[in-house]
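Biologist: I have the sequence and the model open. Walk me through it in short steps, please.

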There are 2 protein chains.
Amino acid sequence: MVRRNPGRRAALLDAAIEVLADEGARGLTFRAVDQQAGVPVGTASNYFSSRGDILKGAGERVYERLADDDVIADGLQGPRDRARVTELMHALVDRVAAFPTGFLALLELRLEAVRRPELRDVLTHRIRADLDFNVAHHEKSGLPGDGTMVVLLWLALNWLIVERLTLPELFTDEQRHDLVTALVDRLLTGQPPKSG
Amino acid sequence: MVRRNPGRRAALLDAAIEVLADEGARGLTFRAVDQQAGVPVGTASNYFSSRGDILKGAGERVYERLADDDVIADGLQGPRDRARVTELMHALVDRVAAFPTGFLALLELRLEAVRRPELRDVLTHRIRADLDFNVAHHEKSGLPGDGTMVVLLWLALNWLIVERLTLPELFTDEQRHDLVTALVDRLLTGQPPKSG
């Protein structure tokens with residue numbers, strides 16, 4: 001029987017995220033999750049039917065923790081200009097980088113997805129939903145920049161976060177900051193005029 | 001005594017790249033490398049003093065294999081215009097994606113670098129050299145776009161390759177193609193005029 005205490009399930013997935021970030025997908029075992037969560041051996045197996053089930057749940061859980069309502073509401077506040085887009089992108093990078101194990105766990109899950117079609121489907125679906133949400137949210141916000149700009153920002157900022165978390169000395173804080181500003185400036189200036 | 005047959009050493013590192021891509025850094029053992037390379041057990045330990053030594057060598061080896069003189073020379077051929085930059089970027093993405101285990105092995109190495117300061121130093125040094133080379137090569141080529149543009153392209157294209165290799169259905173081939181074209185167009189159009 002699968003247990004249904006949502007708080008306990010979330011705590012087990014939080015533990016799984018830490019294990020993934022620290023040990024990689026190969027290090028993720030029921031026992032490692034129990035140990036990380038500080039619960040009796042056998043607890044995780046009451047909540048998840050397989051390792052694959054934990055991997056999928058951990059991916060969802062990272063997004064759940066990153067989807068902060070305050071931050072999303074914040075995007076709808078303030079002036080609707082380029083400086084505000086830049087400010088929001090700096091805040092976005094800082095927010096993701098403030099949960100480094102979440103980002104690293106997702107990278108581990110992506111690499112594991114190469115070997116696991118079922119995990120790949122779940123992640124593709126989740127990430128597409130996130131990207132679609134970001135595009136729609138931006139378009140609704142009245143901020144400058146079209147949907148293509150949102151996707152291009154998303155590509156470049158994701159890799160900037162990879163660098164910040166894995167090779168933090170490749171760029172200085174100031175260089176990273178300037179790259180985000182230049183990226184927003186150039187993409188907005190270079191956006192083709194609306195047709196039709 | 002460490003053996004010095006360069007061809008054998010390269011073949012062992014090629015095997016290590018495959019093991020990294022397939023099993024992750026945790027799966028990389030002397031035995032796994034010997035097995036993948038199809039050589040007697042104990043061979044890799046004649047060439048490398050530690051697992052860390054193999055990890056560092058594998059990172060270098062990926063760059064060695066990607067640095068194709070023909071492709072680099074190719075960047076100096078043809079017209080010096082925007083269409084040529086776009087063409088070269090499409091070719092770059094295809095070239096990196098054509099060696100998927102190399103890119104995946106580098107991602108595994110980056111994640112391992114979070115735990116290994118020595119590996120982090122080696123990768124930071126190697127990747128900085130690669131980035132500096134790309135900026136200098138572009139500036140020398142007479143193609144449009146400044147050094148900041150090269151770095152911004154590098155950020156976005158790296159993540160586009162992550163998607164292509166780990167979640168290939170997130171974007172269609174056509175969407176990926178259009179994203180590269182839009183990225184180059186907008187960054188070039190949006191580049192601030194030279195001052196001074």
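Biologist: Is Trp159(B) buried or exposed?
Modeller: The relative accessible area of Trp159(B) is 2%. Buried means under 20%, exposed over 50%, and partly exposed in between, with a 1.4 Å probe and protein chains only. On that scale Trp159(B) is buried.

Biologist: Which conventions apply, and what kind of model is this?
Modeller: Residues count from 1 along each chain as its sequence is written, chains are lettered from A and ligands numbered from 1 in written order, and side-chain values use heavy atoms, without hydrogens or water. Local features need pLDDT of at least 70, side-chain atom pairs count only at pLDDT 80 or more, totals for chains, interfaces and linings use all residues, and the model is predicted.

Biologist: How many aromatic pairs does the structure hold over all chains?
Modeller: Rings of Phe, Tyr and Trp (its six-membered ring) pair if their centres lie within 6.5 Å. Planes under 30 degrees apart count as stacked, over 60 as edge-to-face and the rest as tilted. Over all chains the number of aromatic pairs is seven.

Biologist: What kind of pair do Trp154(A) and Trp159(B) form?
Modeller: It crosses between chains, from helix 9 (residues 147-166) of chain A to helix 9 (residues 147-166) of chain B. Helices here are DSSP runs (H or I, at least four residues), numbered from the N terminus. The ring centres of Trp154(A) and Trp159(B) are 6.5 Å apart and the planes stand at 90°, so the pair is edge-to-face.

Biologist: And what kind of pair do Trp159(A) and Phe103(B) form?
Modeller: Trp159(A) is in helix 9 of chain A and Phe103(B) in helix 7 (residues 100-113) of chain B, so this pair joins two chains. Trp159(A) and Phe103(B) are both buried. With the ring centres 6.1 Å apart and the planes at 40°, the pair is tilted.

Biologist: How many residues has the largest nonpolar core?
Modeller: Such a core is a set of buried Ala, Val, Leu, Ile, Met, Phe, Trp, Tyr and Cys residues joined through side-chain atoms within 4.5 Å. Those with the most contacts inside it include Trp159(B) and Phe171(B). The residue count of the largest core is 132.

Biologist: Which residues of chain A does Phe171(B) contact?
Modeller: Contact means heavy atoms within 4.5 Å. Neighbours within four places in sequence are left aside. In chain B, Phe171(B) touches residues including Leu160(B) and Arg176(B). In chain A, the partners are Leu131(A), Val151(A), Trp154(A) and Leu155(A).

Biologist: How do helix 1 and helix 2 of chain A lie to each other?
Modeller: Helix 1 (residues 6-23) and helix 2 (residues 30-37) of chain A pack at about 110°, with axes 8 Å apart. Axes are lines fitted to C-alpha atoms over the stretch in contact, and angles run from 0 to 180 degrees between N-to-C directions. Under 35 degrees counts as roughly parallel, over 145 as roughly antiparallel, 65 to 115 as roughly perpendicular and the rest as oblique. That makes helix 1 and helix 2 of chain A roughly perpendicular.

Biologist: Which residues of helix 2 of chain A are buried?
Modeller: Their cover includes helix 1, helix 3 (43-47) and helix 4 (51-66) of chain A. Just after helix 2 of chain A, Gly38(A) has a positive phi of about 70°. The buried residues of helix 2 of chain A are Ala32(A), Val33(A) and Asp34(A).

Biologist: Is Lys194(A) buried or exposed?
Modeller: Lys194(A) sits in the segment after helix 10 (173-189) of chain A. Its relative accessible area is 84%. Lys194(A) is therefore exposed.
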